Amino acid sequence: MAANFDMIKRVYDNFENKVNKARKVVGRPLTYAEKVLYAHLAEEPTREFVRGKDFVDFYPDRVAMQDATAQMAMLQFMHAGRKTSAVPATAHADHLIVAQSGSKEDLERAIEENREVYDFLESVCKKYGVGFWKPGAGIIHQVILENYAFPGGMMIGSDSHTPNAGGLGMIAIGVGGADVVDVMAGMPWELKWPKLIGVKLTGKLSGWTAPKDVILKLAGLLTVKGGTGAIIEYFGEGAGSISCTGKATICNMGAEVGATTSVFPFDEKMANYLRKTDRADVAELAEKLAHQLKADDDVYANPEKYFDQLIEINLNELEPHINGPFTPDLAHPLSKMKEAVKENNYPDNISVALIGSCTNSSYEDIDRAANIAKQALAKGLKAKSQFTITPGSEQVRATIERDGQLQVLTELGGKVLANACGPCIGMWKRMDIKTGERNTIINSFNRNFAKRNDNNPETLSFVASPEIVTALAIAGRLSFNPETDALKNEKGEEVKLDPPYGDELPLKGFVKDNKGYLEPTPDGFDTEVKIDPNSERLQFLERFEPWDGNDFVDLPLLLKVKGKCTTDHISPAGQWLRYRGHLDNISKNMFLGAVNAFTNKTGEAKNLFTGEYKPVHEVAREYKAKGLGWVVVGDENYGEGSSREHAAMEPRYLGGKAIIAKSFARIHETNLKKQGMLPLTFADPSDYDKIQEDDRISIVGLKELSPEKPVKMIVKHKDGSQDEIMLNHSLSAGQIEWFKAGSALNLIAEKNK
């Protein structure tokens, strides 16, 4: 029986009735995403919600956390006043394993180095009824797809690539850990009712083109913020032709266009996947409800009437793509890559090629890559670049070991890494180059910002399908086009690689992972949570102070950020992941990667009282010691990228009161609100230019703070002049109460007393 089958059955038993009621209220046919949203409302709807405007409460079916975010989420949950999680929840130990030597050595080292964190997570999960997936069991999103995702369900997860589960028809949304705590505490979860982007897929993938190319193409069309505030809903006969795990790949990378989530309607491919992963009971329920687990007929007949934006991609004509460097939306069709390499002077030699990760580590992905490797070996070829393989889960790893794909890939020259995030998130101890050395890598991951993979700003990281990555590993060149180009083998003969083939699912079924999971126990609340008081990695949390009821007056400007400022810039990962459970220590990385608009240097700020330039966190601590709050000014799409709530908690902990930007990425904006900080946007974006280095900033009228009502900022310049600037915000009435209480958690704890 599938995990939490009783919960899934309850969702299905009520789904059609809820959808029918919603359809009557709305008075029109519904898209699939709308059906799932309406079926999970905290209260019955009385009117149609306004897309991009109304804040709406939901009750998700389950939550998921990875170990880096689970530490802080569970530390917060300990303050929530509950004995168990209100919904099924799991934590997954996948982020803290450093890739270096190979899977066995890396996993053993990680278990030893992170023992206190794993012990904490195991104990705190046991205490509060949360399932725990041990290190080596797999990457959160792959494990969720294999065990928990189900069509028509709703899940939130404390990782930005949670939408991976959309490949199995689930509305799965990446959030900060504080949002997860809300749901685990039995509170409704709030979301601005999303806009809808419809993507109609026609035709069928063939040749070298893979599901990854659908989202690489779409990223080029939408850019990194083109999906902000929207759900991307895929449909059309092309959608039905893509495997379940291929759909998951596409949904996973929807995070790279800023989308709230992405989703495919239920179909036969999903039913097949459910059965192969021992969830025939869920498949049968979904098949009985299949007429509701898709959009209404008129939506497919007249999609332009129902979506805010409609995009059509013909899979027959879609080319393989290579996206990058430095941003996932710089899309190059494969046929144009030679030209791009030459025009932009990209290093053509590929130093490392990497396949796998949460985005592309399915059985089908590895089987197709292995098919290319098998061809290459038969034709006298081996990998010219370093080549790594990251299985997404122990289930996939054990299955591809049994079926021979791992052996073929290692014979080609590949090194198998642990079933963990590794190089995808910067957990990579790279030995082949020095920091500052310009080089090219290509991978089948999802995100490729500067320094993302190896902390080297001169690494040009490109993203492609596992098939293309494998072919380019064999060629050793970024400019190689396997569709048209030949290679010389060890005998000097010119040979070509044929388009790959791979099975979607293992014919013999999956090899189950029976050791990686610890189920919650009924008497777990007696468990002692393990935190050493002298630990440098774990620290019990103290609650943030409530708002004192006064305006923010004459606050110093801590930092004006220039250009792209992702959550990686605000709170870098890599080596800093070890401090995710210790707020004071991890706060030493605050704004380490952000560019100071006045000096063009990263990670430094000026103390307005002494005139000294120091690391940003040091200046913030000096202000905090004086009892002073401070503000930061940011550029466009501030906080894009990973969901890490530390990027909001650190500024709050070190005395921040407000972040003022031209625009915000959705998850980070919510994270700031949850921690009691004000995310404000310039009514006139050009007012960003008026902010000077020595400014003192006042934000006034806070006692009248209310939804959609702008607030005033008074900026006093060093020369005695001042500017009055109007700021907008997206705070709902409930979110304003978070601000007043000092954080959303403070409010929850008060209600659970």
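Reply: Start with the term cavity: on a 1 Å grid over the protein atoms alone, it is a set of points where a 1.4 Å probe fits but cannot get out, and lining residues have an atom within 4 Å of a point. This is a predicted model, where local features need pLDDT of at least 70, side-chain atom pairs count only at pLDDT 80 or more, and totals for chains, interfaces and linings use all residues. Residues are numbered from 1 along each chain as its sequence is written, and side-chain values use heavy atoms, leaving out hydrogens and water.

Me: Which residues lie nearest the centre of the second largest cavity?

Reply: Rolling a probe the size of a water molecule over the atoms shows where empty space is left. Here Gln66, His95, Asp159, Ile425 and Ser642 lie nearest the centre, among 18 lining residues. The space is about 160 Å³, a volume being what is filled by probe spheres set on the grid points, which are joined across faces, edges and corners.

Me: How much space lies in the largest cavity, and how many residues line it?

Reply: About 220 Å³, with 20 lining residues, including Ala255 and Gly641.

Me: How do strands pair in a sheet?

Reply: They pair through backbone hydrogen bonds, either parallel or antiparallel. Two strands count as paired if DSSP finds at least two bridges between them; strands are DSSP runs (E, at least two residues), numbered from the N terminus. In this model, β25 (residues 630-633) and β26 (residues 656-661) pair in the parallel sense over four bridges. Val631 has Ala658 of β26 as its bridge partner.

Definitions and conventions: On a 1 Å grid over the protein atoms alone, a cavity is a set of points where a 1.4 Å probe fits but cannot get out, and a pocket is an open set with protein on both sides within 12 Å along at least five of seven lines; lining residues have an atom within 4 Å of a point.
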